[in-house]
Amino acid sequence: MRLIAKILHITIVLLLLFTAFGSLITAAASHSPSDEITKWQMKWGNAAAVTGNTVPLTDQDQQGWINVDSLQGVPELPPGVSAAWTRVTLPMLNYASPSIYMDTLYALHVKVYVEKKLIFEGNRSYIKDNYSLLLPLSPQDSGKTLYIWTETLQDRIGIKDKLVVGEHNVLTKAYIKNGLVDVILGSAFFFVALVLFVCSFYLNKESFANAVSLAIVIASTGILAITYSPFVYTFYSYLGPISIVLLDVALLSLLPALTFLFEKIFGGGKFGIIRRFRRFQVAYSSFCMLCLILNSLSGNRFVEFYYFVSTTIIGFIMIFQFILLIACVIIYSFRGNKDAIIFAIGFGTAAFTGVSELLWYYIRKGNYDLFLWKWALVVFIISLIVILGRRLAQNHQQVVKYSSELELFNNELQRSEKMEIISELAASVAHEVRNPLQVTRGFLQLLSEKSSGDEKRYLTMALSELDRASSIITDFLTFAKPEFEQISTLNLYDEFKHIESILLPLCHMNGGKLILDVADHLWVKGNSSKFKQAFINIIKNSIEALGDEGTIQLSAYGKADKVFIHIKDNGEGMSPEVLIRLGEPYFSNKTKGTGLGLMVTFRIIEAMQGDIRFISKKGVGTESITMLPLAEDLEVPTP
């Protein structure tokens, strides 16, 4: 997961670098002295093809010309008209190699003449009416008339912007760069999509669907940017039919994939509106694909119908989709969904730009080239990558969290199993061994009373060891059966004063000091004997860990419904490796310890529904913190 997130971050950087590189290419265009032509004349013609290499205009055809200003855009085609003549008066061509550059010319069939001489002809069999022309001229063409014959099947025709006349090598740079940025940007999109698609195979099922849908969105956007660019149709016109098909396929894939991705991130929406709209888009895109296949197989016989369903209608579907998704994402943003806020920024930019351009396109009746959408989609795609990266990072953190919890549960389960086995074994052994030990002790005690000298000393040592064995067995029984036969309400001050009187001599013998700070109004429920046993074990460990002039501080206080008991010493302390194993059966950091003392202490505190933890640092000391339920009312001991 972490590797995938890093790859996504790298793709964002690459995308930004590609975008910046494309912008630098555009900004680096040199501006040498040139002449601009902003006004010309147009004359509507008939749809009959113009043949021959000379201008087929007679003297009578010099009537009916209208003046056109480039600042006012392309004139609107009259009803039933699909062809037009344009004539332009060339300025003085004071250049070594003069040329005329037309950034955008709308037509499918184009012929360009200087006076009556044909210098260019282009005829496209596919619906892409955007020409970019760079035509060489001669200094002798100064002041002559340039005639342009244009014919189309669409709703626009003629020169869109001003004409530029200048040196051929200078204008060539602008000619080549026209649309090149779109190709670079589209290639960056496609590269990012390819990387994301490959990475998606390393994800789980749900993340795989998200990553693949995002890859389709990015790849479709890249194909749209490339195939919409005039660069392809200018320099690779033979790829025009394939480019048109790819453009349509990309658009028809982009819309349902985008809605599907939105649905995967935010859900199906109220009443399943997102899910229903996505299904409609899939069905409509499939219908358009079928129309595309039929039109291609029939040699463009249904091109007008296909253009209507795949361009006009789908434009309105896009507007509805943008409005629907942005409305949903605004609602999610107000609910505090961070992914929705990121999506709102990216998609809001793309949607506002796309809707604005589409509305302007229809207002201008097709007399407008969409171009801002590409840059808005850069912002949107980056936001989608950020959202997916966040999702992957969150999933990774969740997996790490679950792994940690599973490890803790597994350790606790192993500990519980160990305790259960030891409990059964301890109870069985203790009951079977205690009675023979008591009998043996009785006989040894009788013998010791009748013995003297070394014999009496040996018997006394044997009795001492039997007492120690009996104490160990008692610990086993306590561990195996921590439930209390008698439960009473214990006053902590009284209990700890009793413990102090027992352990104070031992503390003084080890050169230590015991400080008691316990309020007299704290009560807990438990067995007095077991309570003392638990805390005597803890304090004895602290005493044994003290150095010269050591101090043990014992304090207790109430907080909410809990009692907190702190036992803190400034002894030798413990390392983290030792601290983590406290309470394990038969583990002890003391030379003569059995490890049963703290094990029993843990069981007693657990039986009192409490919790205990240790804080220790080597060379500084150890502190135990015990939390027990606070008893509210005094209770008489239960028999």
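Predicted model: local features only at pLDDT ≥ 70, side-chain atom pairs only at ≥ 80, totals over all residues.
Student: What makes strand S6 and strand S7 a pair, and in which direction do they run?

Tutor: Two strands pair if DSSP finds at least two bridges between them. Strand S6 (residues 109–114) and strand S7 (residues 117–123) are joined by 6 bridges, so they meet that condition, and they run antiparallel. Opposite Asn123 in S7 stands His109.

Student: Why are helix H3 and helix H4 called roughly antiparallel?

Tutor: The axes of H3 (residues 180–200) and H4 (residues 205–228) cross at roughly 165° and come within 7 Å. That makes H3 roughly antiparallel to H4, because angles over 145 degrees are given that name. The crossing in which H3 passes H4 is left-handed.

Student: Which residues of H3 and H4 meet?

Tutor: Among them, H3 contributes Val183, Phe189, Phe190, Leu196 and Phe197, while H4 contributes residues including Phe208, Leu214, Ile218 and Ile226. The residues of the contact of H3 with H4 divide into 17 nonpolar, 5 polar and 1 charged.

Student: How do you know that Asp182 in H3 and Phe208 in H4 belong to the lists of residues that meet, and what does meeting require?

Tutor: Both are listed where H3 meets H4, and contact means heavy atoms within 4.5 Å.

Student: What makes H4 and H6 roughly antiparallel to each other?

Tutor: H4 and helix H6 (residues 240–266) pack at an angle of about 150°, with their axes 8 Å apart. The cut-off is over 145 degrees, and H4 and H6 are therefore roughly antiparallel to each other. H4 passes H6 in a left-handed crossing.

Student: Which residues form the contact of H4 with H6, and how do they divide by type?

Tutor: In H4 they include Ala209, Asn210, Val217, Leu224 and Tyr228, and in H6 they include Leu246, Leu254, Phe260 and Lys264. The residues of this contact divide into 16 nonpolar, 7 polar and 1 charged. Lys264 is one of the residues in H6 that meet H4, and Lys counts as charged.

Student: How many helices and strands does the protein chain contain, and what share of its residues counts as buried?

Tutor: The protein chain has 15 helices and 18 strands. Of its 639 residues, 46% count as buried, a term that requires under 20% relative accessible area.

Student: What share of contacts in the protein chain between residues at least 6 apart in sequence joins residues at least 24 apart?

Tutor: The share is 76%.

Definitions and conventions
Residues numbered from 1 in each chain as written. Heavy atoms only, no water. Axes fitted to C-alpha atoms, helices over the stretch in contact; angles between N-to-C directions. Helix = DSSP H or I, 4+ residues; strand = E, 2+ residues; numbered from the N terminus. Parallel < 35°, antiparallel > 145°, perpendicular 65-115°, else oblique. Left-handed = near helix turned anticlockwise from the far one by under 90°. Buried < 20%, exposed > 50% of the residue type's maximum accessible area, 1.4 Å probe, protein only.
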